[in-house]
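Work through the exercises below with the sequence and the model at hand. Each task is followed by a solution in steps.

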Amino acid sequence: MLKVSGLKYYHKIISLCKDIKALEVSNPADINFNYVNIFRNEKLIGVMYVQCLNFNKKHYNHDIFDQNVLKLLKECIVKQSVNILICGNIFRVNFQGFYFVDKADKESIFDCLQLYRKSIKNEKEICGILVKDCAREFNSNQFTCHKFKSFKQDLTMEMKIEPNWNTFESYTADLSRKYRQRASKIRKSLNDIQIKALTIEEIELYKSRIEELYLNIVNKQSLALGILNVNYFIEMKSALQDKFKIYGFFKENELLAFSSHIYYPLKNRMEIHYIGLDYKFNQEFNLYFNILFNGIEKAIEGNYNSIEMGRTAREAKANAGAYPVENYNYVWIKPGLIKLAFKFVGTWFDRNIGEDWLKRSPFKTKLNTEPSLKSAQNHS
């Protein structure tokens with residue numbers, strides 16, 4: 001018999017995960033965090049980390065519903081908020097939210113999450129559950145019996161750093177003529193821009209502007225499952241030190257954009273984390289593309305093998321040489337209006353993103369890029 005309960009000593013565990021502690025101390029709006037013990041016959045067999053998100057009208061762009069009969073659906077949804085349970089960390093990539101002592105028990109996660117949902121029903125009604133970034137794929141029998149479905153729209157973009165890339169110029173030398181000329185033009189547009197790594201004191205100094213630039217990006221997104229505040233960047237820098245860097249893009253003394261990086265020396269990887277920019281200057285200085293190029297340059301300088309570039313702007317990242325990686329996610333939605341909305345949003349994403357970006361091939365040869373999806377198993 002399975003049983004779930006609050007994790008009594010989670011503060012001792014969380015102290016070992018500095019980035020998670022930084023997230024919680026920053027206290028983002030509309031989300032809370034829980035640590036849950038999993039028992040079988042009174043024996044502790046595993047733990048799970050869950051985030052409960054109060055999803056409301058701040059988290060999506062209403063324009064995706066502005067067509068025909070869907071306007072009626074929008075009116076119903078805008079008037080309410082729903083609670084979504086996330087097993088994992090919604091603000092990170094490749095963060096599995098459960099662990100079992102015996103790997104054979106891993107399929108119990110779906111049963112455990114349903115048990116947990118029912119145990120907190122008096123506190124809040126959970127309308128959806130997302131099991132995020134699983135390290136391995138489950139077969140359909142393991143999750144469909146609990147009324148979960150595989151959620152395949154979630155892709156991240158990853159880029160391999162070739163061994164012969166000793167400088168940014170050696171990277172561009174491997175690009176085809178069209179993309180090499182494009183990269184050169186983009187880099188030249190930064191002539192009047194200074195890029196510098198910010199100290200924690202400078203992050204504090206520019207914190208209002210950093211939050212403004214970050215929210216510019218959030219407000220452009222169709223869907224944002226969770227919104228950070230500037231305290232997150234301060235806490236991450238304080239916790240991770242040199243493993244977390246924020247690069248500011250300045251024209252004279254004005255901050256026009258920033259990019260945050262997380263470094264994983266043991267895995268020989270880096271991640272272009274959250275970014276922010278002023279769209280008034282984006283075209284003139286090619287800020288977004290230069291943020292990507294700056295990330296590639298830092299990865300080469302640090303001798304990293306790969307870069308995690310995140311979920312958005314797939315075409316731009318494919319143009320730089322990134323390829324898609326499929327994540328293993330599973331979702332349960334309570335029957336009713338919310339389930340209808342979720343189904344529509346998934347269809348809308350598929351239709352609007354399309355697949356043209358998959359055909360991008362910026363290199364003279366294919367190198368290590370792949371036109372088909374890479375399995376998340378290969379980098380978990």
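**Exercise 1: a helix and what follows**

The model is predicted: local features need pLDDT of at least 70, side-chain atom pairs count only at pLDDT 80 or more, and totals for chains, interfaces and linings use all residues. Residues are numbered from 1 along each chain as its sequence is written, and side-chain values use heavy atoms, with hydrogens and water left out.

Task: describe the length and the cover of helix 12.

Solution. Step 1: helices (H or I, at least four residues) and strands (E, at least two) are DSSP runs, numbered from the N terminus. Step 2: helix 12 covers residues 287-301, which is 15 residues. Step 3: from first C-alpha to last, helix 12 reaches 21 Å, close to the 21 Å expected at 1.5 Å a residue; the expected span is 1.5 Å times one less than the number of residues. Step 4: 13 of the 15 residues of helix 12 are buried, buried meaning under 20% relative accessible area (1.4 Å probe, protein chains only).

**Exercise 2: a serine in a strand**

Task: is Ser 259 buried or exposed, and which residues is Ser 259 in contact with?

Solution. Step 1: Ser 259 lies in strand 11, residues 254-264. Step 2: Ser 259 counts as buried because its relative accessibility is 0%. Step 3: leaving aside neighbours within four places in sequence, the residues in contact with Ser 259 include Lys 245, Tyr 247, Ile 272 and Ile 291; contact means heavy atoms within 4.5 Å.

Key: Buried < 20%, exposed > 50% of the residue type's maximum accessible area, 1.4 Å probe, protein only.
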